[in-house]
Structures are given as structure tokens and as C-alpha cells.
Amino acid sequence: MRILIVGVGTRGDVAPYTGLGARLREAGHEVAIAAHEPYRDLVTEAGLDYLPLPGDPLSLLSISAFRHYGEQLVEGLAGLAGQRADLLLTGVAGTPACHVAEAMGVPSMGVHLQPIDPTGDFPPVMSVVHRSLGRWGNRRAARLAFEVPAAGPLVAGLSTSIRARLGLPPMPPRALYLRRETTRWPVFHGFSPLVVPRPADWRTGLEVTGYWWPFRPPGWRPDPRLRDFLASGPKPVFVGFGSLAGTRAERYTELAVGALRAAGLRGVLQTGVHGQLSDDVLAVGDVPHDWLFPQVAAVAHHCGAGTTGIGLLTGVPAVAVPVKHDQPFWAARLTALGVAPAALPFRRLTSARLAAALTTAVTDPVYRRRAQSLAAGVAAEDGAAPVVAAVARVSGAAR
């Protein structure tokens, strides 16, 4: 089959699909990933075909930029309808791509990195409200994100726009949601059931498979400066703020360096600045986290879905510094699982608070024991296998 994976979002939203795509390629399929231009190399280095999507997802850090980005995304997704594909796989932010599949006359499946479907177990993952509303309230609030454009613009609002752009019959968001449910549209979730157990009140067709690990090219080698730094003293800690880092690199770097100095720790920073900042602090660019994290004493990160998963796989204590969207949800899971102290919301982050949290994560052996125990279970899972099997079933039915 010719499979098109729609990877809307920043680096952490695209990287897991490179590993999933590589597994599908190994199973004999042709695989392309549609993603924004900055992530082209992620796709091509995995040996997969790349299709460009217009727009800059980092512009969403500015609320005023959302409308323009949404317009670009609609045009980009609609343009995919002219591509050759037998099956579309789409992430949360790219959920409107299921309408592209409808226009193409091919099946589609969800490959989600976040559990957005309604459940009483927790409040909506992508909401600005992160406290429980009770089981009924949690379910109702999550359903509204599908049914009301103002409540869930990435899902409901873009669906309306893209149907019009593709010339498909208009359907109100509620009808779209009901069709999704009555047809049991299949969704596979690329995280571990040990991290988020499958909610018992989910419908048939919603599965939690285990993580999809980013593809790392076989010939990749670390920068000698990083390799030498890691070998030159006690294990450092890692501090990174994901895609946010590039927006105010100097400020975030200063905050992180101050925290390391106060805690008396060595550090590897991924804060948008590169180079040796002192004898004890090295700032790096893109480095595969699955290679780096096992060599550090703790990881402080923004709690994107992908970074959270790699941290759990490598069995390293965490310091959760969530910013927005699904990040507070993953931060809460890290704390509940006992692999991280209480989360530090980014808006309240200071050098002193980060220093205290890093010290706790490094010196309290309970966090490392729990992290290592959980890592053993996560590593034993094969999250890609259920997706590969589902694609094989679709392929057999199509013959």
C-alpha cells in the first residue's frame, strides 16, 4: 500500500511518526509523511518520502497567529488530496485529514499521540482547564472540543473549513463527531498503557498500543564536544524546553544556567543556544534523546508527548516544566507515576525553583527506582506492531 501519514505540528509531533513509518516500510509499504518544512530532514533521514505542509507551527505561540496558520493548514491539507495514497494515517492536530481521505476515496485511521477522546478518567487533554470536572463533566467537556468550533478549533473548526475547500457536503461538527463514533473510526494511541491505561469507558476502536520511537539513522554519531563533555565529570542533568526554546533562547538559557549553578550540577542544555557556556555547562542543538538521556542524572523538560516517552523509556528521573496544550497532562502523569517531583508550570519557573526540583530528582533515590522499574515495562512493548497489523488487514481487504 501507499500510506500517507499526516504529521501536523512541531518536531515532537512528527518524530514518532518516523519510527512508525519505518516499521510500515519494513512491512513492505510505501510511506510518505506530510509535515512542515523545518522537519523535512526528520522524514527523509528515516528513508521516507516527504510532502510539505505550509505554515509555521511555532507561530501558534502567538495567539494572534492562529487564524493565519489555520488558513495555511487548510490549504496544505487540501493539497494532499492530489497525492497518490491507499490509506491515510493522521495525528490529533491533523485529524481534519480524514476529510482528505474521504475526498480521495480511501480509508483513514487515527494515530494519536494524545488521548483526546471523551472519558470520565481525566479532563480534556488539550484544554486550558486541567483540573478534573468529575466523570460526567470530563466527558462532556471533551465532547464539546469535537462539536463546538470555538471549543476545539483544531478539530471542529478546521474540519468545517477543509470540507468546504475539498467540495465535500457540509456537515456540522456534531454530525461529524457522531459519524466518527457510529463508524467506530479506528484510532491507535502511541503511548504506553503503563503510563495512561486505556479508559474503560472508551468505545471499541480506540486502542492504546505503546510508544512509537523516533527513527535514528544508523550512521548517526554525537558531536565530539558532547561526547567529551559527558565523559569529563559526573553525570550532568539535561534541561530543555522543546520548540519553545528558540523563541527566547537567551532568557531560557540564563534561567537554566542559574539553576545549575545554584544546585551545583553539571548540565546539557537544549535552550536554543549552542556552545560551551562554562566548564560545567554545554548547550547543544538537536541530539537524539534516546541516546542522550541514559547518560544524564535527570531530565528537565517541557513534557511534550514524545520527550515524555523517551524519558520514561530511558529510566531517568524527570523534572516536569509544562507550558501549554497537552503538556500539563503529561506532567501530571509523571508525578502520579512517581518518576518526578511536583511539576513546575513554566509561567512560574525561576532558577531557584528549578534548582530545588533538580536537586530533589537527582538525590532522592525513589525517583530513579520508580523510573527504572517503569522503563523495563515500557521497553518491552511494541507499540508499532498493532498499527502494522491493522494496516495489513486494510491491505488484505483492498485486494
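# Briefing: cysteines, salt bridges and helix packing

Cys98 comes out at 19% relative accessibility, so it counts as buried (buried is under 20% relative accessible area, exposed over 50%, partly exposed in between, with a 1.4 Å probe and protein chains only). This is a predicted model, where local features need pLDDT of at least 70, side-chain atom pairs count only at pLDDT 80 or more, and totals for chains, interfaces and linings use all residues. Residues are numbered from 1 along each chain as its sequence is written, and side-chain values use heavy atoms, with hydrogens and water left out.

**Cysteines**

- Cys303 sits at 0% relative accessibility and therefore counts as buried.
- How many disulfides are there? The count is 0, taking a disulfide as a pair of cysteine sulfur atoms within 2.5 Å.

**Salt bridges**

- Searching the whole structure turns up 18 salt bridges, each one a side-chain nitrogen of Lys or Arg within 4 Å of a carboxyl oxygen of Asp or Glu.
- Asp121 pairs with Arg135 in a salt bridge whose closest N and O atoms are 2.9 Å apart. Asp121 belongs to the loop between β5 (108–112) and α5 (134–147) and Arg135 to helix α5, so this pair ties together parts that are 14 residues apart in sequence. Helices (H or I, at least four residues) and strands (E, at least two) are DSSP runs, numbered from the N terminus.
- On accessibility, Asp121 is partly exposed at 38%, and Arg135 is partly exposed at 47%.
- Arg135 also forms a salt bridge with Asp201, with the closest N and O atoms 3.3 Å apart. Since Arg135 is in helix α5 and Asp201 in the loop between β6 (187–189) and β7 (206–208), the pair ties together parts 66 residues apart in sequence. Asp201 is partly exposed, its relative accessible area being 27%.
- Glu181 and Arg203 meet through their side chains in a salt bridge of 3.0 Å, N to O. That pair links distant parts of the chain, with Glu181 in helix α7 (residues 173–182) and Arg203 in the loop between β6 and β7, 22 residues apart.
- Are Glu181 and Arg203 buried or exposed? Both Glu181 and Arg203 are buried.
- There's a network of salt bridges too, linking Arg2, Glu30, Asp49 and Arg84.

**Helices**

- Helix α3 (residues 66–79) has 14 residues and spans 20 Å from its first C-alpha to its last, close to the 20 Å expected at 1.5 Å a residue. The expected span is 1.5 Å times one less than the number of residues.
- Buried residues in α3 include Tyr69, Gly70, Leu73 and Val74, along with Gly76, Leu77 and Ala78.
- The axes of α9 (residues 249–263) and α13 come within 8 Å and cross at roughly 50 degrees. Axes here are lines fitted to C-alpha atoms, for helices over the stretch in contact, and angles run from 0 to 180 degrees between N-to-C directions.
- α9 and α13 are therefore oblique to each other (under 35 degrees is roughly parallel, over 145 roughly antiparallel, 65 to 115 roughly perpendicular, and the rest oblique).

**A proline in a loop**

- Pro345 is in the loop between α12 (327–336) and α13 (351–363), and Pro345 is buried, with a relative accessible area of 18%.
- The C-alpha atoms of Pro345 and Val323 are separated by 6.4 Å, though the two residues are 22 residues apart along the chain.
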